[in-house]
Amino acid sequence: MASTESAPPPGGALIRPAVAADAAALAAFAAQAFHDTYAADNDPQDMRDHAARHFGAALQAAEIADPQARTWVAEHGSTIVGFVQTGPEPPPSHENGVGSLRRLYVAAAWHGRGLARELVETACAEAAARGWRGLWLSVWERNPRAIAFYAKSAFADVGATTFAVGNDLQRDRVMLRRF
């Protein structure tokens, strides 16, 4: 996972495109970040099932290799401290020409330091360069901190959808940022 790019500024993180060699570390980081964010409010078995289905190293490798998706990691030294991923999935609405912000996770120690904003702006710039007219995402309705962050990042609440965590079907807010 060491990068050949220039070192990050002191105390900062370097954001770069993910590569195949990142898959195992990215899978571990994603599973841990998901657990840290949602474990207190979800059934442990549902959390394990979700992590097994969505964060394995083979799945991360396939997503990194997918030419329609984009994954960026944020590193501090050689440690992943955040990541963002976009893809071409259409939103659960009639909006055309937009992509999805599939995942955004930042290590708890990096919350409030601007890294999430940098990752969102990286994803939005790439999406705009690809010709997408915006990005949509879904965020758990019981995560007010994330909802407030996305609203501050110019995403508007445009509806609701469901999201399965294991066998638990939860309600998410759908948010959209148009370019």
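I take a residue as buried when its relative accessible area is under 20%, and I keep in mind throughout that this is a predicted model.

**Entry on Tyr150 and Phe155.** I began with Phe155, whose relative accessibility of 3% falls under that cut-off, so I noted Phe155 as buried. Tyr150, at 9%, is likewise buried.

**Entry on the aromatic pairs.** I found seven aromatic pairs in the structure. I looked up the accessibility of both partners: Phe34 is buried at 4%, and Tyr105 is buried at 13%. Both also belong to one aromatic cluster, which I list as Phe29, Phe34, Phe55, Phe83 and Tyr105.

**Entry on Trp110.** I checked the ring of Trp110 for a charge and found the charged end of Arg113 over it, 3.9 Å from the ring centre.

**Entry on helix α4.** I followed α4 over residues 115-129, where its 15 residues reach 21 Å from the first C-alpha to the last, close to the 21 Å expected. Which residues of α4 are buried? I noted Leu115, Leu119, Val120, Ala123, Cys124 and Ala127. An α-helix has 3.6 residues a turn, so residues three or four places apart point the same way. Just after α4, I found Gly131 with a positive phi of about 95°.

Technical notes. Residues are numbered from 1 along each chain as its sequence is written. This is a predicted model: local features need pLDDT of at least 70, side-chain atom pairs count only at pLDDT 80 or more; totals for chains, interfaces and linings use all residues. Side-chain values use heavy atoms; hydrogens and water are left out. Helices (H or I, at least four residues) and strands (E, at least two) are DSSP runs, numbered from the N terminus. The expected span of a helix is 1.5 Å times one less than its number of residues. Buried means under 20% relative accessible area, exposed over 50%, partly exposed in between (1.4 Å probe, protein chains only). Rings of Phe, Tyr and Trp (its six-membered ring) pair if their centres lie within 6.5 Å; planes under 30 degrees apart count as stacked, over 60 as edge-to-face and the rest as tilted. A charge sits over a ring if NZ of Lys or CZ of Arg is within 6 Å of the ring centre and within 35 degrees of the ring normal.
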